[in-house]
Amino acid sequence: MKPEQPSRAGWGGGADAYLMAIYVLFREEPPERVVSARVAEYLGVSPVSVSRALTRLLHGGDLERKVPWLKLTASGWRRAEVLLRHHHLAERWLTDELGLNWALAHQEAERIGQAFSPQVAEALWQRLGRPQRCPHGSPIPGTGAANTVAVALSGVDAGTYVVDRVLEQVEGFTELLTRLQSAGLMPGKQVEVARHQPTEEVSVRSARPPGPWTILEPWLARRVLVRAHYGRGDQLALPESVHGTA
Ligand SMILES: [Zn+2]
């Protein structure tokens, strides 16, 4: 049987990887779901490794005590923002300046971003034209960017939409990003969506020019966010359940 979620090569094994994982999960999921089992699943590590890392974060003052879910302290949050900022800037540099493949940029940036000092990150941000989002659409912390109101592909009616972002949780899977890229599912691109009732699978294709249809399984369809497309008089409203994922 096919697993619901693919396995992921981790974000490195250091405490910083856990800090970033908690930050990303907090940004992308309801707080009560950000628990140690979810972090283990996200990073593809054992519960024992998570519990050791969480103890380190707790002792380092990065994690709040006595909260039912994993909540970063103000200093933990700030530290995670810097790490994510460096990671996203490395991604932008790799894609924008070096022309590296969109799917590979995340993986390569995992190592490169760790080497940046705040001065290098600032200089790179200026050099790249002050980008607000990573190549996969996530807001870059510290740039004033916020998540836009967008909804998962799994929750929209058939119609035309604009891809807003691919959740950070997908970025560790190079083969999934490659599939999304060949289906034209990249931020800013127009896509056409068809529904497979009653399953959660979604058929999607590039709208301009029309490309071949790709079927996205539910796990992936829940992690690609789109926003309404307004153009040429056609106004396609998102369903009632639309909510921001900030
Ligand atoms: Zn990214």
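These legends describe close-up views of a predicted model. Local features need pLDDT of at least 70 and side-chain atom pairs count only at pLDDT 80 or more, while totals for chains, interfaces and linings use all residues. Residues are numbered from 1 along each chain as its sequence is written.

**View A. Helix 1 crosses helix 3.** Helices (H or I, at least four residues) and strands (E, at least two) are DSSP runs, numbered from the N terminus. The axes of helix 1 (residues 15-28) and helix 3 (residues 47-59) come within 9 Å and cross at roughly 85°. Axes are lines fitted to C-alpha atoms, for helices over the stretch in contact, and angles run from 0 to 180 degrees between N-to-C directions. The two helices are therefore roughly perpendicular to each other (65 to 115 degrees). Ala15, Tyr18 and Leu19 of helix 1 meet Ala53, Leu54, Arg56 and Leu57 of helix 3; contact requires C-beta atoms, placed from the backbone, within 7 Å.

**View B. Buried residues of helix 5.** In helix 5 (residues 102-112), Trp102, Ala103, Ala105, His106, Ala109 and Glu110 are buried (20 or more other C-beta atoms within 10 Å of the residue's own, all placed from the backbone). Their cover includes helix 4 (74-97) and helix 7 (174-182).

**View D. Strand 2 beside strand 3.** Four bridges join strand 2 (residues 159-166) to the antiparallel strand 3 (residues 190-195). Gly159 stands opposite Val193 of strand 3.

Methods:
Parallel < 35°, antiparallel > 145°, perpendicular 65-115°, else oblique. Contact = placed C-beta atoms within 7 Å. Buried ≥ 20, exposed ≤ 12 C-beta atoms within 10 Å, placed from the backbone. Pairing = 2+ DSSP bridges.
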